[in-house]
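Here is a structure to read step by step. Have the sequence and the 3D view open together.

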Amino acid sequence: MNTQSNAMPESPLGSQGIAPAAMSETRPMYWSVRRELWENRSIYIAPLAVAAVTVFGFLIATIGRAMSTTDLAQRRAVLEEPYTFAMFLIMGAAFVVGIFYSLDALHGERRDRSILFWKSLPVSDLTTVLSKASVPLVILPLFSFALTVATQLIMLLLGSTVLLASGLSAAPLWTRVPLFQMWMMLLYHMVAVHMIWYAPIYCWMLLVSAWTRRAAFLWAILPPLAIGIVEKLAFNTKHFASMMQYRFSGGPEAVGMPGSLKIDPMTHLTPGHFLSSPGMWAGLIVAAIFLAVTVRLRRYQGPI
Amino acid sequence: MTVIEARGLRKAFGTTTALDGVNLRVEEGRILGIIGPNGAGKTTALNAVLGLTPYQGELRVLGRDPWTERDQLMRDVCFIADVAVLPRWMRVSQALDYVAGVHPRFDRAKAEGFLAKTDIRHTSKVRELSKGMVTQLHLALVMAIDAKLLVLDEPTLGLDILYRKQFYDSLLNDYFDRSRTIVVTTHQVEDVQNVLTDLMFIQRGRIVLDCSMEEFESRYLEVTVHPERVAAARALKPIHQRQVLGRSILLFDLKPDLKSDLKSDLKSDHVDRQKLATLGDLRTPGIADLFVAVMGNNTGQMQGAAR
């Protein structure tokens with residue numbers, strides 16, 4: 001089966017001059033990303049584990065807290081509470097996984113010498129670096145979004161079951177918890193903050209992992225810290241530090257953080273404001289520069 | 001067709017010179033062995049050929065500049081770097097999937113055919129395989145790629161004799177043909193003596209010997225000298241002599257006038273083959289014996305340069 005399906009596309013490819021060129025664009029990228037997922041299973045296991053823990057906690061809450069209270073309004077409140085919490089946890093897990101993944105992405109392959117194997121194949125350094133960058137920038141946000149949706153649906157079903165079992169209507173739960181708005185909001189947040197706004201952070205981590213021989217984590221943190229300290233001592237200002245804080249907080253979209261979703265989610269969808277913020281564009285440019293340096297570094301680097 | 005062409009190839013790491021103006025020309029269909037002491041510059045030379053390290057001087061591999069066109073070059077070039085560089089977390093089936101995915105000239109059925117002859121299971125992870133099996137796996141992957149140049153850097157380091165023998169047998173029987181070219185470095189010279197078509201000695205970043213195996217056989221002669229003829233034999237200026245079980249073994253260069261890195265003219269022998277035959281038993285020396293002779297004569301610190 002496998003041999004057949006793999007051998008089939010090869011034969012016409014070999015005979016034509018154009019087809020292999022077309023292949024070189026997309027297929028190595030696709031397989032490089034798959035390779036990352038094979039190697040780093042924490043990319044999906046960690047968020048999955050967090051989701052499982054959340055559902056388990058919710059289960060205890062529904063059975064324990066919700067059922068122990070006799071006040072029906074309070075019981076409903078208990079059941080409505082944890083949706084944003086679940087979302088927050090999964091996103092946080094994805095962020096942490098993204099940071100650790102990025103710090104190891106181009107360091108691990110040099111440490112275990114497998115870079116010599118990767119470099120023996122017709123995959124360019126650009127494709128490799130882009131495939132690695134796509135993990136924290138595209139795959140993790142999309143996966144954690146899908147996982148959040150799935151988790152919240154499971155929680156909704158569990159909550160409904162409990163309500164129905166206690167003789168209450170589950171309908172208010174479905175109307176009171178603004179799941180659909182929450183998902184729209186979350187998707188927007190994922191794209192705006194995790195994919196675009198955080199891009200320079202992840203790309204900086206990738207650059208450090210391509211450059212450092214050891215202690216990638218320290219090298220990622222120390223230079224920004226040093227700049228902040230020197231600035232403080234020399235000029236008694238905190239521009240760099242506040243810039244960093246602004247970057248990590250999510251920038252113009254900080255108000256869109258899920259914690260504040262309940263207030264009124266839709267009014268915080270401000271793509272126009274976000275797209276016109278210089279911080280976003282400056283961030284993207286910095287991220288692109290970091291990536292270009294990373295590609296260059298990978299060309300020079302061998303095993304360590 | 002010229003597969004590798006280097007002129008004045010230089011590479012320095014800080015103050016150490018790894019390659020000191022190497023001129024190299026490898027034609028299609030050859031199996032070149034590059035032999036040298038540790039730190040002679042073998043790996044550096046191969047890394048330059050593979051586009052893994054920047055260099056000074058001119059270098060073309062299959063008409064391309066390896067440093068700037070590595071990814072395209074790697075469609076036609078395969079390499080196995082010293083022992084296991086296959087990622088240890090990878091499963092055998094994943095390795096097949098991945099190479100099939102990224103390499104346009106990979107024939108998966110062929111690779112599976114090679115693997116079927118070994119004890120390697122598709123579900124195994126690389127970390128679960130023995131050193132010999134990892135090499136078999138890497139060789140299966142590489143032999144299934146229809147490449148023009150195969151570069152092997154110490155491919156059999158740390159393997160037992162059976163695996164080593166099998167490795168070169170597979171290469172010769174199942175892979176090599178006149179349209180392919182192989183460049184190999186190794187310290188286990190006795191393994192490759194009958195495999196190579198060309199031989200090159202490198203020392204401290206310089207090529208000190210470059211000849212085909214036919215030249216090697218016609219040019220160098222080892223004589224196990226009869227005890228009473230030792231003085232007469234020594235008078236003929238052997239390039240090296242050693243004692244084995246009380247017998248003198250002398251190594252002669254039949255064309256000492258030729259600079260060692262020039263292709264020799266096979267007709268006129270400086271020291272007569274017939275004359276040597278009267279002194280004792282003749283035989284073609286092993287590469288290792290010539291290596292010791294040549295490296296010993298180019299005395300100095302053997303471990304001078306970086307790899």
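Predicted model: local features only at pLDDT ≥ 70, side-chain atom pairs only at ≥ 80, totals over all residues.

Residues are numbered from 1 along each chain as its sequence is written, and chains are lettered from A and ligands numbered from 1 in the order in which they are written.

Begin with chain A. It has 14 helices and zero strands. Helices here are DSSP runs of H or I with at least four residues, strands are runs of E with at least two, and both are numbered from the N terminus. Read along the sequence, the pattern of chain A is α-α-α-α-α-α-α-α-α-α-α-α-α-α. Chain A has 304 residues, and 37% of them count as buried. A residue is buried if 20 or more other C-beta atoms lie within 10 Å of its own, exposed if 12 or fewer, and partly exposed in between, with C-beta atoms placed from the backbone. Two residues are in contact if their C-beta atoms, placed from the backbone, lie within 7 Å. Take the contacts in chain A between residues at least 6 apart in sequence: 82% of these join residues at least 24 apart.

Now turn to where the chains meet. Chain A brings 24 residues to the contact and chain B brings 25 residues. On the side of chain A, α1 (2-15), α2 (18-39) and α6 (115-118) each supply at least two residues. Helix α2(A) gives the most, with eight residues. What is the make-up of this side of chain A? It divides into twelve nonpolar, six polar and six charged residues. Here Ala, Val, Leu, Ile, Met, Phe, Trp, Tyr, Cys and Pro count as nonpolar, Asp, Glu, Lys and Arg as charged, and the others, Gly among them, as polar.

Chain B has sheets. Strands of a sheet pair through backbone hydrogen bonds, either parallel or antiparallel. Two strands count as paired if DSSP finds at least two bridges between them. One open sheet of chain B has six strands in the order β5-β6-β7-β3-β8-β9, with mixed pairing. Its edge strands are β5 (77-80) and β9 of chain B, each pairing on one side only. From one strand to the next, the twist averages 15°. Within this sheet, β3 (residues 31-35) and β7 (residues 181-185) of chain B pair in the parallel sense over four bridges. Gly33(B) stands opposite Val184(B) in β7(B). Helix α1 (residues 42-49) of chain B packs on the sheet and touches β3, β6 (149-153), β7 and β8 of chain B. The direction of this helix makes about 150° with that of β6(B). Axes are lines fitted to C-alpha atoms, for helices over the stretch in contact, and angles run from 0 to 180 degrees between N-to-C directions.

Another open sheet has four strands, in the order β11-β12-β10-β13 (chain B), with antiparallel pairing. Strands β11 (240-244) and β13 (280-283) of chain B each have a single partner strand, so one side of each is left without a neighbour in the sheet. The twist averages 25° from one strand to the next. Four bridges join β10 (residues 220-225) of chain B to β13(B), and Glu222(B) stands opposite Arg283(B) in β13(B). Five bridges join β11(B) to β12 (residues 247-253) of chain B. Arg242(B) has Ile249(B) in β12(B) as its bridge partner. β11(B) and β12(B) form a hairpin with two residues between them, and Leu245(B) in the turn has a positive phi of about 50°.

Most residues other than glycine have a negative phi, and most peptide bonds are trans. Leu62(B) has a positive phi near 50°. It lies in the loop between β4 (56-61) and α2 (70-73) of chain B. Leu62(B) counts as buried because it has 21 C-beta neighbours inside 10 Å.

Last come the cores. A nonpolar core is a set of buried Ala, Val, Leu, Ile, Met, Phe, Trp, Tyr and Cys residues joined through C-beta atoms within 7 Å. The largest has 99 residues, of which Val77(B), Leu137(B) and Val151(B) touch the most other members. Helix α5 (residues 131-143) of chain B gives the most to this core, with eight residues. Another core lies apart from it, with 58 residues, among them Ala46(A), Ala86(A), Ala133(A) and Leu173(A).
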